[in-house]
Amino acid sequence: MAKPGSELRTEKFEREALTHLDALTRTAGRLMRGRQEAEDIVQETYLRAWRYFDSFETGSNCAAWLFRIMFNVINAKKGKEARMPESALENEESGLYQSGNVVTFDPLKRLEGGEALEATKQLSEDHRSVLWLIVVEEFSYKETAEILDVPIGTVMSRLHRARRDLRRILMTGDATGAAG
């Protein structure tokens, strides 16, 4: 029989954290190479959130807390991919590229859709992440800074550059060019 405290913890977790499942899944789907990888990222996010849920402060922004965990999971995954031998890298369709000893990842490589979405492929991953969190998920600058673990000025700068670069890409009509 489960302890009363664990039932309360489960109810609180469901009420606070599981309500953000769709937003996390949507974001992971846009940032990762495929549906399965996005689902794995979200699953790992919720496993970590459950493990550390006692440290979550009731009344604080649970969505921002979960997104922070998710970006930590994504960054840890990227670190593992960067350490993979060249023979383990996938083809161009996967979004992984190698230049010398540097491995880069274009998380929007497999997306299809509108011209603006296609154009975001040319933005740096840092700029795409900030743009997505603020424009699509509607986090504040402060929340985005906390999620990405960067200063608020960095968020503002990245957002400015992302919008400027996206505008330039869309004006020149070069939404299908190489990521840069």
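What share of the 180 residues of the protein chain counts as buried? The figure is 39%. Buried means under 20% relative accessible area, exposed means over 50%, and partly exposed lies in between (1.4 Å probe, protein chains only).

This is a predicted model, in which local features need pLDDT of at least 70 and side-chain atom pairs count only at pLDDT 80 or more, while totals for chains, interfaces and linings use all residues. Residues are numbered from 1 along each chain as its sequence is written, and side-chain values use heavy atoms, with hydrogens and water left out.

**View 1. Overview of the protein chain.**
The protein chain has eight helices and two strands. Helices (H or I, at least four residues) and strands (E, at least two) are DSSP runs, numbered from the N terminus. The elements run α-α-α-α-β-β-α-α-α-α from the N terminus on. Among contacts with a separation of 6 or more, 61% join residues 24 or more positions apart. Contact means heavy atoms within 4.5 Å. The chain exposes about 10600 Å², and carbon and sulfur atoms supply 50% of that area. Accessible areas come from the Shrake-Rupley method with a 1.4 Å probe; for residues, only the protein chains shown count as cover.

**View 2. Helix 6 crosses helix 8.**
Two packed helices are described by the angle between their axes and the distance between the axes. The axes of helix 6 (residues 125-136) and helix 8 come within 8 Å and cross at roughly 100°. Axes are lines fitted to C-alpha atoms, for helices over the stretch in contact, and angles run from 0 to 180 degrees between N-to-C directions. The two helices, helix 6 and helix 8, are therefore roughly perpendicular. Angles under 35 degrees count as roughly parallel, over 145 as roughly antiparallel, 65 to 115 as roughly perpendicular and the rest as oblique. From helix 6, D126, H127, V130, L131, I134 and V135 take part in the meeting. Their partners in helix 8 are V155, R158, L159, R161, A162, R163, D165 and L166.

**View 3. D126 and R158 pair across the two helices.**
Side chains of opposite charge can pair when their charged atoms come close. D126 and R158 form a salt bridge at 3.7 Å, N to O. The pair links distant parts of the chain, with D126 in helix 6 and R158 in helix 8, 32 residues apart. A salt bridge is a side-chain nitrogen of Lys or Arg within 4 Å of a carboxyl oxygen of Asp or Glu. By this rule the count comes to eight salt bridges. D126 is partly exposed at 39% relative accessibility. R158 is buried at 18%.

**View 4**
E39 and R35 meet through their side chains at 3.0 Å, N to O. They are four residues apart in helix 3, so about one helical turn separates E39 from R35. E39 is partly exposed at 32%, whereas R35 is exposed at 68%. E37 bridges to K77, with the closest N and O atoms 3.2 Å apart. E37 lies in helix 3 and K77 in helix 4 (residues 62-82), so this pair ties together parts that are 40 residues apart in sequence. E37 is buried at 11%. K77 is partly exposed at 26%.

T45 sits in helix 3 (residues 35-51). Its relative accessible area is 0%, so T45 is buried. Leaving aside neighbours within four places in sequence, T45 contacts L24, L66, I69, M70 and V73. S129 lies in helix 6. S129 is buried too, at 7% relative accessibility. Not counting residues up to four places away in sequence, S129 touches F71 and L148.

**View 4. Loop residues with positive phi.**
E138 is not a glycine, yet its phi is positive, about 60°. E138 lies in the loop between helix 6 and helix 7 (141-148). At 65% relative accessibility, E138 is exposed. D149, also a residue other than glycine, has a positive phi near 60°. D149 is found in the loop between helix 7 and helix 8. D149 is exposed at 55%.

**View 5. A nonpolar surface patch.**
Y141, I152 and M156 form this patch, with about 260 Å² of accessible area together. Patches are made of residues with over 30% relative accessible area and no salt bridge: like charges are joined within 9 Å, nonpolar side chains (Val, Leu, Ile, Met, Phe, Trp, Tyr) within 5 Å. I152 belongs to helix 8 (residues 152-172). I152 is partly exposed, with a relative accessible area of 41%.
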